[in-house]
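Colleague: I am new to this one. Could you walk me through how to read it?

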Amino acid sequence: MAATPVVVAIDGPSGTGKSSTSKAVAARMGMRYLDTGAQYRAITWWMLHAGVDIDDPRAVAAAAGKPSIVSGTDPLAPTITVDGTDVAAPIRGERVTGAVSAVSAVPEVRTLITELQRSIAAQADGGIVVEGRDIGTTVLPDADVKIFLTASPEVRAARRSAEVSGRAGTPAAGGTDVAATQAALLRRDAADSGRKTSPLAKAGDATEVDTSELTLEQVIECVVTLIEERGRR
Ligand SMILES: Nc1ncnc2c1ncn2[C@@H]1O[C@H](COP(=O)(O)OP(=O)(O)O)[C@@H](O)[C@H]1O
Ligand SMILES: Nc1ccn([C@H]2C[C@H](O)[C@@H](COP(=O)(O)OP(=O)(O)O)O2)c(=O)n1
């Protein structure tokens, strides 16, 4: 168990290593883990499933309170359900990925999901690592440790391509695939950073870590050190 219950906020764009790092750090330090992107993906999956027009913010806002989203916070086996249905696999599909920025830009969606995130964090007695886009700025502005992960667009696209083709950790082949992945990542970054409500942003008091040239293990070590340093203060 962590010496004291700490709240750790890890933000950053897609492919910077937020999920892998957060899960590993939480497991190593006996903390809970919350993937807030999975919650936005889950509500987006529900909207698509229910036939809500995701390009109509008023329709999205009106439906936002209907689904019940439940996140399991064990870092070794995180879960996500919508109205009792396990959606861990379908929320990673292209359709959801293409729609999630529009749905997550709707203020009513953010209010509901933010409340859910705060209540999960408040119940985490052993501390929690929460990863997303606006955790350090909006969801948990009093977090004990705030980290903002970055990496070059080329590195992020190569990581995502390798992951999608089941070859995570190896250099991605197929130039056009990587180029298309990079273009899609940058489009999503622009939408997530450009929205009015709680955009993707580095908190003023967050520590920025560029993971482009670091191994996953090095990033994990870096975050663990920052948490331990905070515990000694
Ligand atoms: N430092 C790193 N070096 C190499 N690969 C990494 C590193 N961090 C993450 N990855 C890999 O990159 C992919 C995306 O990582 P992920 O943690 O899902 O990023 P994010 O949550 O920021 O979108 C995964 O396949 C992961 O294993
Ligand atoms: N705290 C958060 C987390 C995610 N989102 C939105 C914006 C993101 O493009 C989507 C999906 O996030 P997710 O972390 O699953 O995305 P990646 O795994 O990095 O590709 O959700 C958000 O608006 N706020």
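Modeller: Start with pairing. Two strands pair if DSSP finds at least two bridges between them. Keep in mind that this is a predicted model. Now take strand E1 (residues 7-11) and strand E6 (residues 128-132): five bridges join them, and they run parallel. Within that pair, Val 7 stands opposite Ile 128 in E6.

Colleague: Which sense does the pairing of E1 and strand E7 have, and over how many bridges?

Modeller: E1 pairs with E7 (residues 145-150) in the parallel sense, over four bridges. Look for Val 8, which stands opposite Val 145 in E7.

Colleague: How many residues of E1 are buried?

Modeller: The general idea is to count neighbours. A residue is buried if 20 or more other C-beta atoms lie within 10 Å of its own, and exposed if 12 or fewer do. In E1, five of five residues are buried, so the strand is mostly covered. Both faces are covered. Val 7, Ala 9 and Asp 11 lie on one side, Val 8 and Ile 10 on the other.

Colleague: Now a single residue. Is Glu 131 buried or exposed?

Modeller: Find Glu 131 in strand E6. It counts as buried because it has 28 C-beta neighbours inside 10 Å. Leave out residues up to four places away in sequence, and Glu 131 touches Ile 10, Lys 18, Ser 19, Ser 22, Asp 35 and Thr 36. Glu 131 and Arg 95 are 36 residues apart in sequence and 22 Å apart in space, C-alpha to C-alpha.

Colleague: What is the strand order in the open sheet of three strands?

Modeller: The order is E3-E4-E5, with antiparallel pairing. Strand E3 (69-72) and strand E5 (85-86) stand at the edges. Each has a single partner strand, so one side of each is left without a neighbour in the sheet. Four bridges join E3 to strand E4 (residues 79-82). There, Gly 72 stands opposite Thr 79 in E4.

Colleague: Is Asp 86 buried or exposed?

Modeller: Asp 86 is in strand E5. It counts as exposed, because it has 10 C-beta neighbours inside 10 Å. Setting aside residues up to four places away in sequence, Asp 86 touches Thr 79 and Thr 81. The C-alpha atoms of Asp 86 and Val 103 are separated by 20 Å, with the two residues 17 apart along the chain.

Colleague: Backbone angles next. Where does Asp 83 lie, and what is its phi?

Modeller: Asp 83 lies in the loop between E4 and E5. Its phi is positive, about 50 degrees, although it is not a glycine. With 13 C-beta neighbours inside 10 Å, Asp 83 counts as partly exposed. Ser 198 also has a positive phi of about 50 degrees and is not a glycine. You will find Ser 198 in the loop between H8 and strand E8 (207-210). Ser 198 has 20 C-beta neighbours inside 10 Å, so it counts as buried.

Colleague: On to helices. At what angle do the axes of H2 and H4 cross?

Modeller: Compare the two axes. Helix H2 (residues 36-49) and helix H4 (residues 94-104) have axes that come within 8 Å and cross at roughly 100 degrees. That makes H2 roughly perpendicular to H4. On the H2 side, the contact includes Tyr 40, Ile 43, Trp 45 and Leu 48. On the H4 side, it includes Val 96, Ala 99, Val 100 and Val 103. The contact residues divide into nine nonpolar, two polar and two charged.

Colleague: How many residues surround ligand 1?

Modeller: Read a ligand site by its shell. For ligand 1 that is 16 residues, with Gly 17, Lys 18, Ser 19, Ser 20 and Arg 159 closest. Helix H1 (18-29), helix H7 (153-164) and helix H9 (216-232) are the elements that give two or more residues. The largest share, three residues, comes from H1. By type, the shell holds four nonpolar, nine polar and three charged residues.

Colleague: And which residues come nearest to ligand 2?

Modeller: Ser 14, Gly 37, Tyr 40, Ser 104 and Gly 132 come nearest, out of 15 residues around ligand 2. H2, H4 and helix H8 (175-194) each give two or more residues to this shell. H2 gives the most, with five. The shell around ligand 2 divides into four nonpolar, six polar and five charged residues.

Conventions:
Residues numbered from 1 in each chain as written. Chains lettered and ligands numbered in written order. Predicted model: local features only at pLDDT ≥ 70, side-chain atom pairs only at ≥ 80, totals over all residues. Axes fitted to C-alpha atoms, helices over the stretch in contact; angles between N-to-C directions. Parallel < 35°, antiparallel > 145°, perpendicular 65-115°, else oblique. Contact = placed C-beta atoms within 7 Å. Nonpolar A, V, L, I, M, F, W, Y, C, P; charged D, E, K, R; others polar. Near = placed C-beta within 6 Å.
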